[in-house]
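The sequence and the coordinates are displayed first, and the description follows.

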Amino acid sequence: MENFKKIFVEEARDLIANLEEAMLTLENSPEDMEQIEEVFRVMHSLKGSSGMFGFHKIEELTHDLETIYDLIRDHKAVVTKGVLNVTLTMVDHFSALLQDINCEEEINKANHEAILDQIKTLLKEIDASSHITDEATKPTEEKNLITYRIKLEPKEDVFHTGANPMYLIEDLMALGKNKTFVYVDKVPSFEDLSPQKCYLYWDVLLVSEVGVDEIKDVFIFVEDECDIDVQTIYKGDLLQVEEVDPSAITSREELESSLTCLLKKAAKLEKQKNEEINNVVKTSKTTTAPSIRVASEKLNDLMNLVSELVTTQAGLSLLANKSQNPALEVMVENIEKLSRQLRDITFSMTLMPLNNIFFRFQRLVRDLSEQLGKEVEFVISGGETELDKTIIEALTDPLMHLLRNCMDHGIETPAEKKQANKIKPSKIILSAHYSGANVVVNIQDNGKGIDPYVIREKAIEKELITEDESLTKQEMINLIFLPGFSTAETVTDVSGRGVGMDVVQRNIKNLRGEIEIQSEKGVGTTIQIILPLTLSIIDGLLVKIEEEHFVVPLFAVNKCYEVPYKSVENNFNNLLNLDDEAIPFLNLREEFGVSNQSTPEMSEVILIYQEELKIAICVDQIVGQYQAVLKPLSKYYKDQEFLSGATILGDGSVALVLDTYKIIDKKVKQKLQMI
Amino acid sequence: MANTHTISGDVSIATIQEVYDTLQKQVAEHGHIDIVVENITGFSISFIQLLLAIEKSDKIQLVKCDIDQELLQTIGIQNLANI
């Protein structure tokens, strides 16, 4: 049972995340029936499974809130701010209840009672606004509605028996939703009237779960005084198809013609609905592959084993080459192919869409927006971009901190906006996209921006820099990455504790990533984070300088050339002419201080690129393609900015892996600035 | 100027004949009467029928009809004499 409970908790977490996501979407489009259905579906699943595994407190809450969403589904209530707030509060409370099953902790107890009270208040409000009946509050799946037409034609002397047709109609109304049609054509003129005779007769359309017999029971004592006919005209709620106005119907013929139209419409709608359901089933059959849940530790183990396999396989390839045994070489080639496929599949298993964390931030921004009284539109794009799950996990805190800062310091209050004459709504865009083997995450806002001179003043005040230091505007902005830097006038619980951006930068660097800030005072700020797709294995080009091996990530390689070494050595402007284009280059021999004792006659040139920027890297020899299992560099290399890691070669020696992003960023941008 | 007759009090099936007879007498006496309905008790279908019959008559004009609309709608009457 404990195992099942564990599985339930894992699944409940997914359901809660789905619920939160649907709620946040619903907040922007409260009439989105698809999202309302999703919320209802999740509530229902949670209610069922929580009850089964003994999480009765969750069951209790979902049951009550499910009632509200059922009314919303039936258009008897609408999604209000109150409904959204109580649901989101409940989402947080659910997570607590997964840890505290019986709700024994004081804070959870208090929250639980508060939420129950809020739900009761909401139900009262809905009840008051819609006069809902108990019948209507039952969940729809418990209903098996039928539409009946009841013809009631009392005999003229019905009043003499003491029967009152009005009570009969009232009894029918108690059985469900109804419309009453009265016919007055038999009422004579005043002069010819016999007041004690009954001239009126009726048709009642009744939508109810009850059977024909129960309806007939209403007339049990007036069977002889009335002509009664109960007909089942539709399996379902016909009154929901279209509003029928009883005042527009004056005869049975008119009602019959109206019912014919209504039934046709109902049949058409039912057909459409069935087609939609079939399409959904077909789509889900074709697009949803079966999946299983695997513990992330097992995935980590698998990834480590694959890394070891790749390294061992490189050693095997080396031995096979040396052995000059063609059969062995073929075998090793096959193993290499298989290990590459295994690596790709394992790698793809560790990728997760960024939406997994992006949606959490939607909630964060929403809550901060209310807390700080700053209205802001939060836009997410590129959430489907996938990243290694280890990177995603480590990215959560830095992104959260950046968004908190953005809300606290970047986005203006309504008063500040008015003062700055800003009429456009405040906006934060959190986006992600692929760039080569990197993923770029941007946080962009149209807030007040960063004033570089204010930053400089603060840095001087905090003795982080001296007054005579001359800095560019960008360098001034970058001061915010210094440890202990904070411009917040007051320390708030949102941000501004004096620690933060330096920690953010360190965390990003630990992921082999980069963080940059572009900001313009009064216009807004863009924070760009560049991250590697994976932290584990990359395809690379193995190159050599003297006896030293280096790996150039293959995703960045555009083309390879061969040029006389002299044209590299004696180059005064650091530009090579490749395919009639002057390209800046980096001579690795010089960059890494390898001796010039035995320089080659010809130099191999590898053209690498990042978006529009290109640079050539000059090496002695290109060995070939290589799968590099990335290992972190020791602290001795911490100042070496052009290296991103190291890898172990088949013979046990170490090859350093070049960070092409940083090479391009530093060298090409530097060259462009000089031009 | 037409005579105005007010119908109030019990209008149940037990007294409806009496109400009708009074109205007939008024019409016979004045030729044309205006009717005001207010403060009635014992709402009945027979009374509604009486009002519907009055609507068809050119000798009686229903000038005010203060009846519980919910009760009227229960028996399917959406509006009476457009009042």
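How many residues does the contact take from chain A and from chain B? In this predicted model, chain A provides 27 residues of the contact and chain B provides 25 residues.

**The interface**

The size of an interface is often given as the accessible area lost when the parts come together. Here chain A and chain B bury about 2200 Å² between them, and 70% of that area lies on carbon and sulfur atoms. On the chain A side, A:Met166, A:Phe190 and A:Pro195 supply 34% of the area buried against chain B, more than any other three residues.

Helix H7 (165–173) and strand S2 (177–183) of chain A each supply at least two residues of the side that touches chain B. The largest share of that side, 5 residues, comes from H7(A). The table sets out the side of chain A that touches chain B by residue class.

| Class, chain A side | Count |
|---|---|
| Nonpolar | 17 residues |
| Polar | 5 residues |

Between chain A and chain B the count is 0 salt bridges, while 8 residue pairs, both members at pLDDT 80 or more, are in polar contact across the interface.

**Helix H4 of chain A**

Helix H4 of chain A covers residues 81–99. Because each residue is taken at 1.5 Å, its 19 residues should span 27 Å, and the 28 Å between its end C-alpha atoms agrees with this. The buried residues of H4(A) include A:Val83, A:Leu84, A:His93 and A:Phe94.

How values were computed: Residues numbered from 1 in each chain as written. Chains lettered and ligands numbered in written order. Predicted model: local features only at pLDDT ≥ 70, side-chain atom pairs only at ≥ 80, totals over all residues. Heavy atoms only, no water. Contact = heavy atoms within 4.5 Å. Buried area = accessible area lost by both parts, 1.4 Å probe. Salt bridge = Lys/Arg side-chain N within 4 Å of Asp/Glu carboxyl O. Polar contact = N/O pair within 3.5 Å; in protein donor to acceptor, adjacent residues only side chain to side chain. Helix = DSSP H or I, 4+ residues; strand = E, 2+ residues; numbered from the N terminus. Nonpolar A, V, L, I, M, F, W, Y, C, P; charged D, E, K, R; others polar. Expected span 1.5 Å × (residues − 1). Buried < 20%, exposed > 50% of the residue type's maximum accessible area, 1.4 Å probe, protein only.
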